[in-house]
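Here are a few notes on the model you sent over.

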2 protein chains.
Amino acid sequence: MTTPLTDLSHDDLSALHEQLSSEHAELVARGVRLDITRGKPSSAQLDLNADLLTMDVPAHAEDGQDIRNYGGKRGLPEIRRIFGELLGVDVDHIIAADNSSLSIMHDLAMYAVVHGIAGEKPWFGRNVKFIAPVPGYDRHFVICEHLGIEMIPVELGEHGPNVDEVARLAADPSVKGMWVVPMYANPNGVIYDEQTVRALMSMPAAPDFRIWWDNAYALHHLTDAEPAPLPVLQWAEEAGNPDRVFELASTSKITFAGDGVSFLASSKANLDWYFDHAGIRSIGPDKVNQMRHAKYLGDAEGVRKLMGAHRAILAPKFALVDDILTNRLGGRGVATWTHPSGGYFVTLDVMDGTAARVVSLAKEAGISLTPAGASHPLGHDPHDRTIRLAPSFPGMDELREAMEGVATCVLLAAADKLLTA
Amino acid sequence: MTTPLTDLSHDDLSALHEQLSSEHAELVARGVRLDITRGKPSSAQLDLNADLLTMDVPAHAEDGQDIRNYGGKRGLPEIRRIFGELLGVDVDHIIAADNSSLSIMHDLAMYAVVHGIAGEKPWFGRNVKFIAPVPGYDRHFVICEHLGIEMIPVELGEHGPNVDEVARLAADPSVKGMWVVPMYANPNGVIYDEQTVRALMSMPAAPDFRIWWDNAYALHHLTDAEPAPLPVLQWAEEAGNPDRVFELASTSKITFAGDGVSFLASSKANLDWYFDHAGIRSIGPDKVNQMRHAKYLGDAEGVRKLMGAHRAILAPKFALVDDILTNRLGGRGVATWTHPSGGYFVTLDVMDGTAARVVSLAKEAGISLTPAGASHPLGHDPHDRTIRLAPSFPGMDELREAMEGVATCVLLAAADKLLTA
């Protein structure tokens, strides 16, 4: 039956509602515990990197430094070279840090708040705003919220946000930043295109305006189309705004999540500014872990090969999610969803005003979803519409069960709403 | 000849000066490059931990968590238990973090600046002061300097600073912090005693006054006297100020420097406050490195045994420093120095007004010393007297050569000063 729910008679809708309620009650009774909240790699993916737990590491780097001692603030050339090549960044413009690019993003914002960027005033206590494409990544938004930075949501279209709207906002000197996940955006899988990015690089903005360019999924393809990361630092320079971008990346979804190596790529001026402050914080990164990663990954091609193995595990999960959503929700007029060609998420847009209800119904049935609203600043989705699905962590059977349950909840919440409208 | 320089006739002093000048010129001509600036472990010490570069690590912790994935913000119980026992802290009150306790200290200060402690106002833009026992650790002082926190130096006596003076300062509500290296203080090797610490715990102070209790050398004995770390968290609680202390430690001078595990021990309220902010920064620490360390160290006894091996390498270096200083400077009335029973440093106090000159003369001779003044806030030693010697890194031959050179520079600078007085 693929009649849109809105086309059903009141009696048919009531009957459907009854059937869905009973299906949901069965789910609740079954007492499952399924979790598709976060973009975590699965055990099978982590097992790909078993050698990282057993391999030997030499004591010295190629430049002779003893990796077991203090120092080397920029990180080992060995690992910077690999990720410089993968991201299309000169090795002099990329540094390797510890286990979390989120931490670098946070620290960059903290340094701006306390010390200011590029000789401008610190942001503390001032009316500072960030442009926040939505839907977006909740942990980005929480950094702003925590630091008292106001977020201005802009809709994330198929190739990025509307550049005229962004340029209009950036012209306000109190707008100091923007969050961008340029490839396979969290959560809707969008890939920013050249035209959009060129516009973001060239638009006038405050001298301390920066784009937090979180390239977390630059290599995380799900199809044969494997677009190269955009040369954003080069374009920033060409546009006469060489310091516009803080580019971030990490191996968290390449090797081990939270135990890998993170990267910051930027202009010389920005990296110097970063070390002016980060150099007070630390004498240097964990170079042993960087060396272990460099030896394990070998070279850029080694990383690409590994990403192929990840894809072989992940792509069937995304296909399964799409199959179930298509089978259960196709033609019912209650939901649309994305078909990402990379990254870690599917964005499910349900009937307006029902996302929180869907998440709540799923929770009753033992299925944990990312909280409704999480993909919007301050957790506020004005349409109560967007749900982020993270299919990576569960096995295929759990994922199937979870998605069937989610589909039931989506239909039930919609029928509920239509009946009480 | 052990006549004090001040007792020499002008002619004898001139003759000595000439001889020292010529010794120094020979040193300069020899063109050595020796470095005793920083408290870095030597290669021989790092080699003690060769197994850390080759050992296998299991994928799961004792509590079942997959250490290869996100989460576990408090750190692995395995490693927290070992260092909780060593520091005399309940495992619930100690968390394990990444590779740098300096970073934790910095972050604690940053969170206080931006967010405030214990519901008090953020420190940003306010007249905030720290008590800074001198001589002290330059990287502590630089954190304050960088954050615009004023430092009030107090003299570090044999068992800690004068508690009446500290209590008088702490009564000022703008005094918000104090730096303490309680065991084998950097750089003068002082061990705080119970009476001092009890007084620090019980003195009245601002609600957001905290002591940064940097127990960097808690296990770093150089003699058979191996005092246990003071139970400072317990004493703080007994004094009715359970939140007074942030205790820090790390394995940087136990395993690998900058590639180890760091620890924060504190009250529940302080740890909750820390995670309110650190939880925005990171999804969790590098648990693989923590597991590697837990497996390698085994238990508290394993750490103690390893520290014995470090001592066997370090103690002869400290003895050599003392021998050379005694032979060359004993009875000359131009210098005093410490005889630490642990830690990484010897403090050499030279004739007032000559420390900077000694460092400069040594530099000309290719011997790098910690800059004069580094052990004082803002790098300002009012007496221009204190030089920190770090004997750990060089081999015995280099150390001998460096110390002979330093002794020559100390004598030369003193003779210079006396002749021109």
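1. Let's begin with B:Ser103. Its relative accessible area is 6%, under the 20% cut-off, so B:Ser103 counts as buried. Bear in mind that this is a predicted model.

2. Where does B:Ser103 sit? You'll find B:Ser103 in helix 4 of chain B, which covers residues 101–115. Leaving aside residues up to four places away in sequence, B:Ser103 touches A:Arg281 and A:Ser282.

3. Now for the contact as a whole. Chain A puts in 59 residues, and chain B puts in 59 residues. About 4,800 Å² is buried between chain A and chain B, with carbon and sulfur atoms giving 55% of that area. On the chain A side, A:Arg281 turns up again: along with A:Arg68 and A:Tyr70, A:Arg281 is among the residues that lose the most area to chain B, and the three together make up 17% of what that side buries.

4. A:Arg68 also has a charged partner. A:Arg68 forms a salt bridge with B:Asp47, where the closest N and O atoms are 2.7 Å apart. The rule finds four salt bridges across the interface of chain A and chain B, and it also picks out 22 residue pairs in polar contact there.

5. Which helices of chain A each supply at least two residues to the side that touches chain B? They are helix 2 (43–47), helix 4 (101–115), helix 5 (138–146), helix 9 (268–281) and helix 10 (287–297). Helix 4 of chain A gives the most, with nine residues.

Terms used: Residues numbered from 1 in each chain as written. Chains lettered and ligands numbered in written order. Predicted model: local features only at pLDDT ≥ 70, side-chain atom pairs only at ≥ 80, totals over all residues. Heavy atoms only, no water. Helix = DSSP H or I, 4+ residues; strand = E, 2+ residues; numbered from the N terminus. Buried < 20%, exposed > 50% of the residue type's maximum accessible area, 1.4 Å probe, protein only. Contact = heavy atoms within 4.5 Å. Buried area = accessible area lost by both parts, 1.4 Å probe. Salt bridge = Lys/Arg side-chain N within 4 Å of Asp/Glu carboxyl O. Polar contact = N/O pair within 3.5 Å; in protein donor to acceptor, adjacent residues only side chain to side chain.
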